[in-house]
Structure formats: structure tokens, C-alpha cells
Amino acid sequence: MIRRGSLGLRLLGLAALWVVLALVGAGIALTDLFRNHVEAELSRHMELHLDEVTAALARQPDGTLAPVRALTDPRFNRPLSGLYWQVSDGGEALARSRSLWDQSLPMAGPVADDGAVHRRGVATGPDGARLLVWERRVHLPDGGAPLDVAVASQGGSVEAATGSFARALALSLGILALGLLAAAVAQVRLGLVPLDRLRQALGEMRAGRVARVVGAFPSEVQPLVDDLNQVLDDNAEMVERARTQAGNLAHALKTPLAVITNSVAALGNADSARVIAAETDRMRSQIDRHLTRARAAAMARGAGLRTPIGPLVAGLARTIARLHPDRPLDIRVSGDDALLFRGEGQDLQEMVGNLMENAAKWCAGSIRVTLSAAGEKALSITVADDGPGIPDDRRDTVLARGIRLDEAMPGSGLGLAIVDDLARLYGGGLELGQDEALGGLAARLVLPRA
Amino acid sequence: MRLLIAEDDPELRRQLREALEAAHYAVDCAPDGEEAAFLGETEPYDAVVLDLGLPRRDGLSVLRGWRGQGRTMPVLILTARGTWQEKVEGMDAGADDYLAKPFRMEELLARLRALIRRAGGQAAAELTCGPVSLDTRTGRVSVSGRPVTLTAHELRVLSYLMHHRGRVVSRTELTEHVYAQDFDRDSNTIEVFIGRLRRKLGVDVIHTERGLGYRLDAAP
């Protein structure tokens with residue numbers, strides 16, 4: 001359903017783009033938020049540690065500094081635990097946690113004496129790990145020199161927490177993205193259903209099952225459908241009008257021709273009378289031929305029609321039998337009479353009628369009409385008779401006359417040539433051969449099938 | 001034999017009338033569909049030449065009207081509409097023959113003769129009754145091979161009787177089939193024609209059925 005350059009692909013591509021952009025943005029923002037939160041939490045903890053260390057500090061009688069109470073977090077006593085404290089006088093470390101072992105936190109110079117906690121970005125810890133340091137200058141109540149108290153924590157914990165959060169987040173956002181894309185596919189499919197219906201309706205019309213595009217479509221498409229139907233209606237009306245006019249022209253010309261023909265007959269056998277008679281005959285066949293062709297050309301290119309061939313052939317058989325009441329004709333129609341001709345009934349009647357009339361003219365009494373499918377896209381109608389047939393070498397001549405109008409012989413009528421013309425207009429053809437069973441001419445008409 | 005011509009083109013109508021009268025038919029003409037329908041419903045024609053493209057009422061509908069009312073006279077459609085679709089339509093509407101314009105008058109005459117013959121149940125083009133024979137193609141009458149010259153009216157009377165051999169034909173029926181509509185009819189003249197026919201033929205083939213009409217023997 002979704003092809004290259006299709007609306008569906010376009011909509012899906014856009015949906016995928018915005019889903020990815022939105023989710024990546026959300027992921028970045030959420031991770032950032034999480035990191036800030038973790039860091040803030042860490043800061044709060046570290047400030048508490050700092051307060052605790054400060055409160056526990058007391059100057060020993062020997063002048064050294066040491067916490068007088070055990071600190072709550074045991075990590076301060078575990079060597080290289082990642083949580084450290086240190087007291088300095090701005091340069092020299094005066095006391096430090098057991099966890100620092102024999103190392104000390106690198107000093108960055110005296111801390112501003114404003115009573116606030118200062119966070120120092122990064123320092124290198126005793127085991128080479130990255131450290132985050134919080135420090136504050138304090139004045140002990142014994143009135144000694146101000147001290148810089150620092151607590152430090154391994155920075156990796158923030159990165160680790162953020163990393164694992166980001167991984168979990170990426171997984172859930174990925175699932176969300178897949179869900180959204182699936183929803184987008186469903187939306188595009190459902191949204192484009194009317195277009196699919198339109199395509200089917202157009203296919204129906206093209207196949208000739210309907211004359212117009214039928215069905216109600218969304219307001220975005222309906223104007224297009226209405227316009228198309230209008231064009232189709234106009235076209236049909238134009239063709240119909242052209243046909244009526246062609247019919248009127250035929251009528252308007254043929255009655256005077258009949259008058260001329262009969263007047264000439266009254267002149268007797270003079271040369272001029274023969275010439276006029278021959279010319280009027282020629283005019284008649286030209287009128288018939290060109291009007292038939294013009295009409296067929298208009299129809300063959302028009303919107304597809306389909307005509308059941310069975311009833312038409314039956315009607316022709318009935319009519320031809322009635323037109324020859326003095327010669328009882330045995331006309332038998334066999335084969336698949338449910339076949340549909342992709343074209344106009346009148347043209348089919350013209351082709352088959354001429355073939356059957358020709359057969360009736362030459363046959364000894366039997367005519368066989370066989371209807372059959374010739375593959376998926378074509379059908380064949382074979383009219384065979386038990387007459388003398390046409391010799392091999394003359395069959396081409398009979399049809400060739402149909403191609404070159406200027407060679408149409410006076411009085412030759414339309415016959416097989418116009419049948420060939422019409423069949424070609426429909427993309428089919430006429431083949432002449434000998435019928436094996438009856439021995440006479442077998443005219444095989446191949447036409448498009450609906 | 002009496003015919004109706006339904007044709008709107010005045011010139012063609014004139015030619016048809018002349019040609020058919022020359023062939024010894026009594027001819028009525030209708031220039032439009034309404035009049036044709038009326039004449040066909042009220043007059044007993046032996047055949048009708050019907051154009052399809054008639055003004056006021058289409059020829060096909062006129063024909064269907066006649067057949068719907070049980071009028072069975074042979075109808076030959078003479079039309080400029082020569083497609084097979086129209087032929088099928090015309091024949092299905094009840095026509096007996098179909099001739100497309102332009103046409104040759106001889107062909108029309110031949111087909112009309114055939115229609116009239118078949119309607120009377122006759123197969124051969126030459127009708128015979130005893131020593132009398134009538135060639136429907138030429139209108140020539142002979143008795144035992146000797147040609148007999150008849151007037152148009154005499155020929156129509158004989159022709160009608162020969163087409164309906166073996167059946168009693170009333171004087172009124174004869175009148176209806178011998179005169180065109182606008183002719184001043186007098187059924188007494190039929191007796192005059194019969195008298196002249198008997199005299200000219202010189203053989204007694206026309207039997208008078210008292211109070212009923214006339215009859216020709218069925219056996220040839």
C-alpha cells in the first residue's frame with residue numbers, strides 16, 4: 001500500500017522524524033534533570049556530613065584536632081571508601097578521616113571566610129579517583145585560628161546513577177517510539193483509506209464496470225471526484241451528441257442519395273447514368289464506413305464499457321434468419337455466451353452482424369458462431385459457414401481494402417473490411433481461414449475482453 | 001394489392017409512389033408517423049414501406065403500435081439508419097424486412113413482392129390457377145401461354161384473388177385492396193372489373209359465391 005513517493009510514506013517519514021526528535025530531546029532533558037537532582041541530593045548529604053564533622057571537632061589537650069564523637073557514616077573510617085573529611089588551616093592538613101589513610105585531600109588554597117559551604121569542582125582522591133569536594137571555613141568556639149573543613153565524595157557515583165538512569169530511560173523511550181511509530185502507521189493507513197477507495201472506484205470505472213466514480217469521499221477529495229465525474233458526464237454527453245449528429249448526417253445524406261439513385265435508374269443505361277450510379281454507391285459506402293469508424297473511435301477511447309456478447313449475437317442470429325425467409329438458415333451459436341466485450345454494443349453488433357451477413361450470403365445453409373475466451377484479456381468470435389470460402393491468396397486482398405480507403409471498390413459495400421477496421425480500432429483483429437468442419441470461410445474476430 | 005408508404009422526404013415519396021404504381025399497386029402515402037399509424041390501424045394494407053426517421057412519431061413506435069394491436073401486414077423498413085443495432089431493433093419490433101437507404105428500386109420491388117407472396121402463403125414468384133398464370137415480378141398475365149393485357153385495376157383484382165386462392169374474397173375486401181384511400185370507391189365497379197376479367201381471360205376461373213364474393217380454385 002505504501003510506495004515510494006507515496007503520501008503514506010511521506011506522512012510516515014514525517015511522523016518518524018518528529019517522534020525521534022521529540023523523544024531524543026525528552027531523553028536529554030530528563031537525564032539532565034536527573035543528574036541535577038542526584039547532585040543536589042549529594043550536596044545536601046555532603047553538607048550534613050560537613051556539619052557533623054564540624055560539630056564533632058574539638059581541640060585536644062595536646063593541641064591536635066580530632067572528632068570527639070564517632071561519625072555516623074562508617075565509610076569515614078574505612079580506608080579508601082570514597083567518603084573523606086579533612087581539616088586544614090588553609091595550607092597544612094591538621095586532621096583527616098581514617099578513610100584517607102596516609103593521603104590528604106589536595107588543597108586549593110584558603111576558603112573564603114563567609115560561613116558558606118563551597119563546592120569545589122574536582123580533585124584527585126587517594127586512589128586516583130575523581131572527587132567532589134565541599135568545604136567551609138569555620139571558627140571553633142575555643143577562639144583558635146579559623147579552620148577549613150572539607151568533605152569529599154567520589155564523583156563517579158553521580159555518573160553511575162545518571163548512566164543507569166539514562167539507560168533505563170533510553171529503553172523505555174525506545175519502546176515508546178516504536179509504539180508511536182506503530183500508531184503513526186495505523187493512522188496513515190486509516191487516514192488514507194478514502195484515497196484507497198477512490199483508487200478502487202477509478203479502477204472500477206477504468207475496467208468499465210461503472211460509468212462514473214461512485215461513492216462519497218472526504219471533503220478534501222470530493223471536489224476532485226465531482227470534477228472528474230463532471231468531465232466524464234460531459235465526455236459521455238459529447239460522444240452521445242456526436243453520435244446523434246453522425247446519425248442525423250447519415251439520415252440527411254442517405255435519403256437524397258436514394259432519390260439520386262432512383263432518378264438515375266430512370267435515365268436508363270446511358271454511360272453517364274452508370275457513372276452516377278457507381279459514384280452514389282461509392283458515396284454510400286464511404287458515408288457508412290466513415291460514420292461507423294468515427295463513432296467507434298469515439299467509443300473505443302472513451303471510458304470503458306462492457307457488453308455481454310451472448311444476447312447481442314443471439315439477436316443478430318434471429319434477425320439474419322428473419323432477413324432470409326426464403327432460405328432457411330441453420331444458424332447455431334455455441335460457446336461461452338457470458339463473455340463480456342470491453343467496448344460498445346453497437347460496434348460489436350456491426351462487426352458480428354457483417355460477418356454473419358457475409359456468411360448468410362455465401363453459405364449453403366449452415367452458419368456456426370463460436371464464442372470463446374482467448375486468454376484473460378481477449379475473446380474470440382468465430383463465424384463459420386459451409387459456403388465456398390475465400391482462397392488463401394485472396395484473403396489478404398479482402399482485408400487490405402479495409403486499410404486503404406481510396407481503393408474501396410464501388411459497390412463493394414462494407415463487409416469484411418469495416419469489420420477489420422473496427423476490430424483494429426479496439427486493438428483486436430480479424431483473421432480469415434477455412435473452417436475444418438463446414439469447409440467454408442471461418443472469420444475469427446479477436447476483441448478485448450472485460 | 002394495396003400498399004402504404006410512410007416516408008417524410010417528398011421527393012423520395014413521389015419516386016416510391018410512381019415506381020409502386022407502375023408496378024400495379026394501389027398506393028397510399030403518409031408523410032409523418034401519426035398519419036402512418038392511423039392509416040395502418042384503419043386500412044387493410046397488403047404491405048407497408050416504413051421509414052424509421054419519421055416526423056411527429058418514430059417509425060419503430062408506429063410499428064410496435066400496429067403489432068400491439070394485432071395488425072399483421074408485412075412491413076418493410078426502408079431507412080437511412082443502417083446499423084445492425086437498428087436492424088435488430090427493427091426486426092424485433094415486428095418488421096418483416098429491412099432495406100437501408102440508398103437502395104435500388106428493383107430490389108425494393110422484389111422484396112415487396114416476396115413479402116406479399118409469403119403473407120398470402122405463396123412461395124413461387126409466378127402464380128397459376130388453371131390455365132391462368134400471373135408473373136408477380138412483371139405483372140404479366142397469360143392464359144395457356146397466351147399473353148393477356150389488363151388495366152391496372154383489373155390486374156390488382158386478379159392479383160389479389162390469385163394471392164388468396166381457395167378463399168372467398170368479399171367485394172368490400174376487394175375494394176379495400178384495389179383502391180388507394182383517396183380514390184372515389186364504388187363497390188359496384190368491382191363487378192364491372194370481374195366481368196371484364198372473365199371476358200379477357202376467356203376461361204371460367206373466377207367463381208361467384210352468391211352474397212359472399214368471389215373465389216379462385218386453390219388447385220393450380
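Residues are numbered from 1 along each chain as its sequence is written, while chains are lettered from A and ligands numbered from 1 in the order in which they are written. Because the model is predicted, local features need pLDDT of at least 70 and side-chain atom pairs count only at pLDDT 80 or more, whereas totals for chains, interfaces and linings use all residues. The model scores an ipTM of 0.77 and a pTM of 0.63. Within chain B, the lowest confidence falls in strand β6 (residues 126–129), with a mean of 82, and the highest in strand β3 (residues 47–50), at 94.

Chain B contains eight helices and 11 strands, where helices (H or I, at least four residues) and strands (E, at least two) are DSSP runs numbered from the N terminus. Of its 220 residues, 45% are buried, a residue being buried if 20 or more other C-beta atoms, placed from the backbone, lie within 10 Å of its own. Among the contacts in chain B with a separation of 6 or more, 60% join residues 24 or more positions apart; two residues are in contact if their C-beta atoms, placed from the backbone, lie within 7 Å.

Five strands of chain B form an open, parallel sheet in the order β2-β1-β3-β4-β5, with pairing taken to require at least two DSSP bridges between two strands. Strand β4 (residues 75–79) of chain B is joined to β5(B) by four bridges in parallel, and Thr79(B) has Ala100(B) as its bridge partner in β5(B). Helix α3 (residues 59–68) of chain B packs on this sheet, where it touches β1 (2–6), β3 and β4 of chain B, and its direction makes about 155 degrees with that of β3(B); axes are lines fitted to C-alpha atoms, for helices over the stretch in contact, and angles run from 0 to 180 degrees between N-to-C directions.

In chain A, strand β12 (residues 378–385) is mostly covered, with six of its eight residues buried. Seven bridges join β12(A) in antiparallel fashion to strand β11 (residues 366–373) of chain A, and Thr370(A) is partnered there with Thr382(A). Four residues separate the strands of this hairpin, in which Gly375(A) takes a positive phi near 85 degrees. Strand β12(A) is also joined by seven bridges to strand β14 (residues 441–448) of chain A, again antiparallel, and Ser380(A) has Val446(A) as its bridge partner in β14(A).

At the interface, 25 residues of chain A are in contact with 24 residues of chain B. The elements giving two or more residues to the chain A side are α4 (222–266), α5 (271–301), α6 (309–323) and α7 (345–362) of chain A, and the largest share, 11 residues, comes from α4(A).

Technical notes:
A residue is buried if 20 or more other C-beta atoms lie within 10 Å of its own, exposed if 12 or fewer, and partly exposed in between; C-beta atoms are placed from the backbone. pLDDT is the predictor's confidence in each residue, from 0 to 100.
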